[in-house]
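Today I am opening my notebook on a new fold and going through it strand by strand. Come along and keep the 3D view open.

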Amino acid sequence: MPDVNELVDPSKAPPRAGRVSVVVPTRNAERTLRACLESVRAQDYDDIELIVVDNWSSDHTPEIARSLADVVEQAGPERSAQRNRGIALCTGDWVMWVDADMVVAPTCVSTALMVAADAGVEALAIPEVTVGPGYWTACRALERSCYVDDPSLHNARLLRRDLLTRLGGFDETMSGPEDTHLRHQLRQAGVAVALAPVLIEHDEGRLTLADVWRKRVYYGRSLPSFAAANPGMVGEQGRGTFRAFARHRRRLLRRPALTAGMLGLRAMEAVAYAVGAHQGRRARRTERPAA
């Protein structure tokens, strides 16, 4: 990805675009939460409100949150509902959501707002990169490195609050694809989304195949709801991913061991999504009232 200074004049003062409310949903996130919240507190943009919505954690997550956040509330049952609760609590003109295992660069908010002012947009995507130890984490990091320059593969992460409210926030029938669903809502509404030239670090820890399988099965349960709301978009997402791999094929060819692992990981994830989607369809049929 190009250096931030090539795209945004570093001598330019951050725009006074109003308050930015950062919403962080949490659940048993004590390993990564302090770094996440401290990175939000370290922003060079000085009008930031930090809201943590915790899903009844059983570790030290609530204590860490209360030591750093402006607002801490407990709510659930899932990430979409937690984000919507955070949006309801916030007082900012803009809303940004960050997961508890992410670290944002000090210039993240100010850079995104500069891009918003220059481009005249109300929605910003901020690409992420994977960090963490281990082979499978390195495979995931290689995969994500193929996406950072493609706006079509990034979901909006910073939006005007009134725009987000008009769209109804996050769809609470989804847990996993809700960000992508919001991206398609924005596209259908004709809302332009700009890509901010700054990265968010996603600390995925030491990934294991078992962890990846469980998470993708869980996310896959929401795919029937996503597909019903966004016809044809599951296939479009997959085609976009493979176009990114083709565009960065030289990078992938230079790292054959990691590329082989990455492709194997993607194949396993496809199966896990299919298993989860099957479970989700069965659950939807069970929940339908009898005629």
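Predicted model: local features only at pLDDT ≥ 70, side-chain atom pairs only at ≥ 80, totals over all residues.

The labels took me a moment: helices (H or I, at least four residues) and strands (E, at least two) are DSSP runs, numbered from the N terminus. S2 and strand S3 (residues 71-74) are joined by 4 bridges and run parallel. Two strands count as paired if DSSP finds at least two bridges between them.

**Entry 1: the strand S2.** Is S2 mostly covered or mostly open? I found strand S2 (residues 48-54) mostly covered, with 7 of its 7 residues buried. Buried means under 20% relative accessible area, exposed over 50%, and partly exposed in between (1.4 Å probe, protein chains only).

Next I checked which way the side chains point. In a regular strand the side chains alternate between the two faces of the sheet. In S2, Ile48, Leu50, Val52 and Asp54 point one way, Glu49, Ile51 and Val53 point the other way, and all are buried.

**Entry 2: the other partner of S2.** Strand S1 (residues 20-26) pairs with S2 over 7 bridges, in the parallel sense. Here I found Val22 opposite Leu50 in S2. To get from S1 to S2, the chain crosses through helix H2 (residues 33-41), and this β-α-β crossover is right-handed. Right-handed means that, with the strands pointing away from the viewer, the path from the first strand over the helix to the second runs clockwise. I then traced S2, helix H3 (residues 61-68) and S3, and they also make a right-handed β-α-β unit.

**Entry 3: the whole sheet.** In what order do the strands lie? I wrote down S3-S2-S1-S4-S8-S6-S9: 7 strands in an open sheet with mixed pairing. S3 and strand S9 (194-195) stand at the edges with a single partner strand each, so one side of each is left without a neighbour in the sheet.

I followed the pairs across:
- S1 and strand S4 (residues 94-97) run parallel, joined by 4 bridges, and Val20 has Trp94 as its bridge partner in S4.
- S4 and S8 run antiparallel with 3 bridges, and the partner of Trp94 in S8 is Arg160.
- Strand S6 (residues 123-125) is joined to S8 by 3 bridges, again antiparallel, with Ala123 opposite Leu159 in S8.

I also checked cover for strand S8 (residues 156-160): 4 of its 5 residues are buried.

Entry 4: I looked up Asn28 in the loop between S1 and H2. Asn28 has a positive phi of about 50° although it is not a glycine, and at 36% relative accessibility it counts as partly exposed. Trp56, in the loop between S2 and H3, is not a glycine either, yet its phi is positive at about 55°. Is Trp56 buried or exposed? I found Trp56 exposed, with a relative accessible area of 54%.

Where does Pro77 sit? Its place is in the loop between S3 and helix H4 (79-89). Gly76 and Pro77 are joined by a cis peptide bond, with omega about 10°.

**Entry 5: the helix H8.** In helix H8 (residues 178-188), 9 of the 11 residues are buried, so this helix is largely enclosed by the rest of the structure. Among the buried ones I listed Glu178, Asp179, His181, Arg183 and His184. Just after H8, Gly190 takes a positive phi of about 75°.

**Entry 6: the helix H13.** My last stop was Thr259, in helix H13 (residues 256-287). Thr259 is buried, with a relative accessible area of 12%. Leaving aside neighbours within four places in sequence, Thr259 is in contact (heavy atoms within 4.5 Å) with Leu142 and Leu252.

Terms used. Residues numbered from 1 in each chain as written. Heavy atoms only, no water.
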